[in-house]
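Work through the following exercises with the sequence and the model at hand, and check each step of the solutions against the coordinates.

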Amino acid sequence: MYIDIILNKTVSTTAFVDSGCIFLAVVSPRTVERANALTIPITPRPVAQVVAEEDPPMITHIARMELDVSGLVKPLFAYVVPGQAEDLILGMRWLTNHDASLHPAQGAIQIRRPYALTVRQLPLHDNLQRISSRSVQVY
């Protein structure tokens, strides 16, 4: 499910909300650069489940950004993932931290923490070009 977001009060983009992503959030290097986000070095670690490659990239930094989701503004720490196609992926830990749930039939995310907020997903036609521009691999 894609939603509109603002990063660091300057970058308007979309986030993919993915309950199958085990992390809080992952962000592309180009989004980190566009948002002029602070990066923090970490012990390098491979993340094969994020980028489907035989030799997975190494994650070497975490980015700190301010995330605005429909007026809910909070700091966000995200792994910077080389080769990531999405600008930002909000994962299961983000959903859990905000007591949020996905409602695909209604095209919405219900956030209950710190206050009640319903965020509507972007219309499907906005995502068709994004989806059709990707290659899909079946294993």
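Strands (E, at least two residues) and helices (H or I, at least four) are DSSP runs, numbered from the N terminus. The model is predicted, so local features need pLDDT of at least 70 and side-chain atom pairs count only at pLDDT 80 or more, while totals for chains, interfaces and linings use all residues. Residues are numbered from 1 along each chain as its sequence is written, and side-chain values use heavy atoms, with hydrogens and water left out.

**Exercise 1.** Determine in which strand Phe77 lies, and whether Phe77 is buried, partly exposed or exposed.

*Solution.* Phe77 belongs to strand β6, which covers residues 72–80. Its relative accessible area is 41%, so Phe77 is partly exposed (buried means under 20%, exposed over 50%, partly exposed in between, with a 1.4 Å probe and protein chains only).

**Exercise 2.** Classify the ring pair of Tyr2 and Phe16.

*Solution.* The structure holds two aromatic pairs (ring centres of Phe, Tyr or Trp, the last by its six-membered ring, within 6.5 Å; planes under 30 degrees apart are stacked, over 60 edge-to-face, the rest tilted). For Tyr2 and Phe16 the centres are 5.0 Å apart and the planes stand at 45°, so this pair is tilted. Tyr2 sits in strand β1 (residues 2–7) and Phe16 in strand β2 (residues 11–17), 14 residues apart. Tyr2 is buried at 9% relative accessibility, whereas Phe16, at 21%, is partly exposed.

**Exercise 3.** Classify the ring pair of Phe23 and Tyr79.

*Solution.* With centres 5.2 Å apart and planes at 80°, the rings of Phe23 and Tyr79 are edge-to-face. Phe23 is buried at 14% relative accessibility, and Tyr79 is buried at 18%.
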